[in-house]
Amino acid sequence: MSAVPSLAPQVRLRHDAARGQWVLLAPERVVVLDEIAHAILSRLDGRTGIDEIATALAREYEAPVAEIAADVREALEDLQRKGLVRL
Amino acid sequence: MSAIPPPIGLLAELTHRCPLGCPYCSNPVALEKRAGELDTATWQRVMREAAALGVLQLHLSGGEPAARRDLEEILATAAEEGLYTNLITSGVLLDRARLDALAAAGLNHVQLSIQHAEAEAADRIAHFQGAHARKLALAGQVREAGLALTLNAVLHRGNLDAVAEMIALAEQLGAGRLEIAHTQYHGWALRNRAALMPAPAQVEESRRIVAQARQRLEGRMVIDFVAPDYHATRPKACMGGWGRRFLNVSPSGVVLPCHAAETIPGMRFERVTEHSLSDIWYGSQAFNRFRGTGWMPEPCRSCDRREIDWGGCRCQALALTGDAARTDPVCALSPDHAAVAAAIVEPSGEVLAWRR
């Protein structure tokens, strides 16, 4: 069983149509997401574990699971340090 | 000229009415009366127009925004439009029931002001008996309601020595974020400047305390610190630059690049009742007057920092030099910098005007 990540309370993921990008919204903060960060965060549903997310992304991007899993973990840990994600 | 980016934030000053009387209030000295305030439907239209324009963060402010009975309705429209909603409040008009109603309407974040860490001093600054105790109770209720909590304090001579205690209070109340901002000398604060201006040694000590606390609390509580302008040698990018990131709508619907801009003479600011937010943001003379770098005089025009600080604050240039189009005198390169240096050492005085 791998950790189940979720957005921190009162952090919102939304599409920013005016600028053609995805963003995380939090108190006094707007974080612009790149394609990979969005692909990871759009899979957070409070049930799916990190390993499952990595497996799905590896299939979608046709990349080795081990490599993707390391990237996913690093991205989520970075967002956790910023108080935007809970692991 | 490069394309004008859409605004990120809208500061909606729903009302100037407020039960507190803080002498550093940044509202204009001539406060808007209740009869002059926009109605519910107009505010709701402003929320829809803001979202369509590209605004992501809504700051519901005032005065005290909870003085509006229709706050929930305005908030609900904003939330339906996908705006991230911040309520900037003194807290004294809110109770658990009202907070629950606001949360149900889609509120994300409460930014609660404190005036000091100790009740007696806090109530004296707020000019409101019992305010501090009510704020402390509300902070707990904000967390119980599942909302994000920021504590914010405006710093001045009367509370700067309590900055460590205010940080400890924010920790104790479980705030995710603390905003401690030195007084900006506009409106009431400019009139009361001699009573509010901290001594340079006090400023230095508080900087040291904040830097230490930031390190200690990393990952647990975000501390945003707004440094004191007058004690700096380079100006701040006021509002992130004129007409670059934010717009402000006053209680009567005047659209401003910053909340103090109406003090600038000779400017015509448009109203939401006559034009769309989009027309005002992109096309109005007022928003284009100090946008970008084309308006700049020397020393800004040839300065390496012209797209970092955008020439500083126009209202401060006006207040201290009489001309809003000059370099912000906070900048040590400004020919008017002596006015700032003199204010720091001017004899301290009493509060002249409690906000009414």
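Reply: We may begin with a single side chain; please keep in mind that this is a predicted model. B:R45 has a relative accessibility of 28% and counts as partly exposed.

Me: Is B:E49 buried or partly exposed?

Reply: The general idea is to compare the relative accessible area with two cut-offs: under 20% is buried and over 50% is exposed, with partly exposed in between. B:E49 has a value of 21%, so this residue is partly exposed.

Me: Which parts of chain A does the salt bridge between A:E60 and A:R43 tie together?

Reply: The side chains of A:E60 and A:R43 meet at 2.5 Å, N to O. A:E60 belongs to helix α2 (residues 50-61) of chain A, while A:R43 is in the loop between α1 (35-41) and α2, so the pair ties together parts that are 17 residues apart in sequence. A:E60 is partly exposed at 47% relative accessible area, and A:R43 is partly exposed at 25%.

Me: Are B:E37 and B:R68 buried or exposed?

Reply: B:E37 is buried, with a relative accessible area of 13%, and B:R68 is buried at 5%. Their side chains meet in a salt bridge of 3.3 Å, N to O. B:E37 lies in the loop between β1 and α1 (40-53) of chain B and B:R68 in the loop between β2 (57-61) and α2 (71-80), so this pair ties together parts 31 residues apart in sequence.

Me: Which residues are linked with B:E37 and B:R68 in a network of salt bridges?

Reply: The network also includes B:R17 and B:D70. Over all chains, a search of the whole structure finds 22 salt bridges.

Me: Which residues form the negative surface patch?

Reply: A patch of this kind joins like charges on residues that have over 30% relative accessible area and no salt bridge. In this structure A:E67, A:D71, A:E74 and A:E77 form the negative patch. A:E67 lies in helix α3 (residues 65-81) of chain A and is partly exposed, at 48% relative accessibility.

Me: How should I read the pairing of strands?

Reply: Strands of a sheet pair through backbone hydrogen bonds, either parallel or antiparallel. In chain A, strands β3 (residues 21-26) and β4 (residues 29-33) pair in the antiparallel sense over five bridges. A:A26 stands opposite A:R29 of β4(A). The hairpin of these strands has two residues between them, and A:E28 takes a positive phi near 60° there.

Me: What is the order of the nine strands in the open sheet of chain B?

Reply: The order is β7-β6-β5-β4-β3-β2-β1-β8-β9, with mixed pairing. At the edges are β7 (222-226) and β9 (255-256), each of which pairs on one side only. Within the sheet, β1 (residues 9-13) and β8 (residues 246-249) run parallel and are joined by four bridges. B:G9 has B:F246 as its bridge partner in β8(B).

Key: Residues numbered from 1 in each chain as written. Chains lettered and ligands numbered in written order. Predicted model: local features only at pLDDT ≥ 70, side-chain atom pairs only at ≥ 80, totals over all residues. Heavy atoms only, no water. Patch = residues over 30% accessible without salt bridge, like charges linked within 9 Å, V, L, I, M, F, W, Y side chains within 5 Å. Areas by Shrake-Rupley, 256 points an atom, 1.4 Å probe, with all protein chains shown as cover. Salt bridge = Lys/Arg side-chain N within 4 Å of Asp/Glu carboxyl O. Lys, Arg positive; Asp, Glu negative; His and termini not counted. Charge placed at Lys NZ, Arg CZ, Asp CG, Glu CD. Buried < 20%, exposed > 50% of the residue type's maximum accessible area, 1.4 Å probe, protein only. Pairing = 2+ DSSP bridges.
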